[in-house]
Amino acid sequence: MTFTASYAGTCVSCGGRFGAGAEIEGVGGGGFVHAVCPPSAIDRQRPACPTCFLELPASGVCGECS
Ligand SMILES: [Zn+2]
Ligand SMILES: [Zn+2]
């Protein structure tokens with residue numbers, strides 16, 4: 001059951017912040033999660049190299065192919 005946050009906090013599911021007034025849901029252990037986690041927070045996968053399909057490092061340059 002979701003409710004409106006009365007103060008800002010951190011979602012224990014995606015690790016993202018939510019502000020007061022956000023739709024959140026309580027979970028066991030006293031944590032809170034977004035009612036719907038933002039897609040950007042869930043999908044943190046880095047792009048893959050188009051040549052070898054390995055995950056690219058933060059630099060964006062493939063260590064295998066360059
Ligand atoms: Zn979340
Ligand atoms: Zn590569």
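Domain bounds, as used here, come from an automatic or database domain assignment, and for this protein that assignment gives domain 1 (2-34) and domain 2 (41-66). With both ranges coloured separately, note that the C-alpha centres of domain 1 and domain 2 lie 31 Å apart.

What is on screen is a predicted model, in which local features need pLDDT of at least 70 and side-chain atom pairs count only at pLDDT 80 or more, whereas totals for chains, interfaces and linings use all residues. Residues are numbered from 1 along each chain as its sequence is written, chains are lettered from A and ligands numbered from 1 in the order in which they are written, and side-chain values use heavy atoms, with hydrogens and water left out.

Donors are N, O and S atoms within 2.8 Å of the metal (3.2 Å for Na, K and Ca), and sites may look incomplete because water is not among the atoms. Four donors count as tetrahedral if all angles lie between 85 and 135 degrees.

Cys11 is buried at 2%, Cys14 is buried at 11%, His34 is buried at 9% and Cys37 is buried at 15%.

Stay with His34, which is found in strand β5; helices (H or I, at least four residues) and strands (E, at least two) are DSSP runs, numbered from the N terminus. A polar atom of the His34 side chain lies 3.4 Å from the backbone oxygen of Arg17. Cys37, by contrast in placement, lies in the loop between β5 and α1.

**Second stop: the aromatic pair**

Next, select Phe3 and Phe32. The structure holds 1 aromatic pair, and Phe3 and Phe32 form it edge-to-face, at 5.9 Å centre to centre and with 75° between the planes. Rings of Phe, Tyr and Trp (its six-membered ring) pair if their centres lie within 6.5 Å, and planes under 30 degrees apart count as stacked, over 60 as edge-to-face and the rest as tilted. Because Phe3 lies in strand β1 (residues 2-4) and Phe32 in strand β5 (residues 32-34), the pair ties together parts that are 29 residues apart in sequence. Phe3 is partly exposed, with a relative accessible area of 36%, and Phe32 is partly exposed as well, at 25%.

Move to the zinc ion (ligand 2), which is coordinated by the SG atoms of Cys49, Cys52, Cys62 and Cys65 at 2.2 to 2.3 Å. The arrangement is tetrahedral because the 4 donor atoms around the ion subtend angles of 105 to 114°. In sequence, the donor residues are spaced C-x2-C-x9-C-x2-C. Of this set, Cys49 and Cys65 both sit in the segment after α1 (39-42) and are 16 residues apart, a pair that links distant parts of the chain. Cys49 is buried at 4% relative accessibility, whereas Cys65 is partly exposed at 42%.

With the cysteines still displayed, which kind of bond might one look for, and how many disulfides does a search of the whole structure find? The search finds 0 disulfides, a disulfide being a pair of cysteine sulfur atoms within 2.5 Å.

Thr51 lies in the segment after α1 and is exposed at 59% relative accessibility. From Thr51 back to Phe32 the C-alpha to C-alpha distance is 41 Å, although the two residues are 19 apart in sequence. Phe53 is also found in the segment after α1, is exposed with a relative accessible area of 64%, and has a positive phi of about 65° although it is not a glycine.

Key. Buried < 20%, exposed > 50% of the residue type's maximum accessible area, 1.4 Å probe, protein only. Tetrahedral: all angles 85-135°; square planar, octahedral: opposite > 155°, others 65-115°. Polar contact = N/O pair within 3.5 Å; in protein donor to acceptor, adjacent residues only side chain to side chain.
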